[in-house]
Amino acid sequence: MPWLYAASWRGGGDGDLIARRFKFKAAYLRKGLSDQQIATAYRHLTTPDYQNPNAMFVMIGYGGRVNTVAPTATAVAQRDSIIKSAYQAYWADPAQDAQHLEWIRAFYRDMYAATGGVPVPNDSTDGSYINYPDTDLADPRWNTSGVPWHTLYYKENYPRLQKVKARWDPRDVFQHALSIRAQ
């Protein structure tokens, strides 16, 4: 099966939701949400037009020792954030894909409306988290910022990662929609 599909599997144990269908989105935050973002989150989480007990917005404390590592020391360049936010929706029925995708995409787009629908690195946000791969960041319908997906994930580290890709995978054997592109 394709890597991106396999990597996005959410299994479960006793009592856990087991859903093959879900969508994740993420953002690194350098400071708390603005009043506009709080209102946006409230609106999307309380709308009577969307009912899904397995849809959520999670804010994870971030920083500490993570922020003591230099931004160029690893592939992960986000080293001064205080929160990692995650937008999640899980469902089981393929017939419901459109409604769930519409909700999470609109929620994320509206949260980052001021920067083209994505968390462009600036004084408030610092891109996205590659371990929640989101192909919407490479889609100009959802990312109208003009900032490429690889900058949202890797920032200035992307050219170095391209050199690694060229050296260790020159035939581009390992690839998916968000894989590093060789130079």
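**Close-up views of a predicted model**

View 1. Ala-55 stands opposite Ala-89, a residue of β3. This is a predicted model, so keep that in mind as you look around. The strands β2 and β3 are joined by seven bridges and run antiparallel. As for how strands hold on to each other in general, they pair through backbone hydrogen bonds, either parallel or antiparallel.

**View 2. Helix α3 lies across the sheet.** Which residues of α3 are buried? They are Asp-97, His-100, Trp-103, Ile-104, Ala-106, Phe-107, Tyr-108, Asp-110 and Met-111. These buried residues pack against the strands β1 (21–29), β2 (55–61) and β3 (83–91), and also against helix α2 (35–46).

View 3. The model holds 19 aromatic pairs. One of them is Tyr-87 with Tyr-112, an edge-to-face pair with 6.3 Å from centre to centre and 80° between the planes. Tyr-87 belongs to strand β3, while Tyr-112 is in the loop between α3 and α4, so this pair ties together parts that are 25 residues apart in sequence.

View 4. Phe-22, Phe-24, Tyr-28, Tyr-62, Tyr-90, Tyr-129 and Tyr-132 make up one aromatic cluster. Look for Tyr-129 in this group: the charged end of Lys-84 sits over its ring, 3.4 Å from the centre.

**View 5. Lys-155 is a buried lysine in a loop.** You'll find Lys-155 in the loop between α4 and α5. Its relative accessible area is 13%, which is under the 20% cut-off, so Lys-155 counts as buried. What does Lys-155 touch, leaving out residues up to four places away in sequence? Its contacts are Arg-30, Ala-77, Gln-78, Pro-121, Asp-126 and His-150.

**View 6. Leu-161 is tucked into helix α5.** This leucine is part of α5, which takes in residues 158–168. With a relative accessible area of 15%, again under 20%, Leu-161 is buried too. Setting aside neighbours within four places in sequence, Leu-161 is in contact with Ala-75, Tyr-154 and Ile-180. Arg-181 is 20 residues away from Leu-161 in sequence, yet their C-alpha atoms are 8.6 Å apart in space.

**View 7. Stepping back to the whole chain.** Five helices and three strands make up the elements of the chain. Starting at the N terminus, they run α-β-α-β-β-α-α-α. The chain has 183 residues, and 42% of them count as buried. Take the contacts between residues at least 6 apart in sequence: 69% of these join residues at least 24 apart.

How values were computed: Residues numbered from 1 in each chain as written. Predicted model: local features only at pLDDT ≥ 70, side-chain atom pairs only at ≥ 80, totals over all residues. Heavy atoms only, no water. Buried < 20%, exposed > 50% of the residue type's maximum accessible area, 1.4 Å probe, protein only. Helix = DSSP H or I, 4+ residues; strand = E, 2+ residues; numbered from the N terminus. Contact = heavy atoms within 4.5 Å. Phe/Tyr/Trp six-rings, centres within 6.5 Å; stacked < 30°, edge-to-face > 60°. Lys NZ or Arg CZ within 6 Å of the ring centre and 35° of its normal. Pairing = 2+ DSSP bridges.
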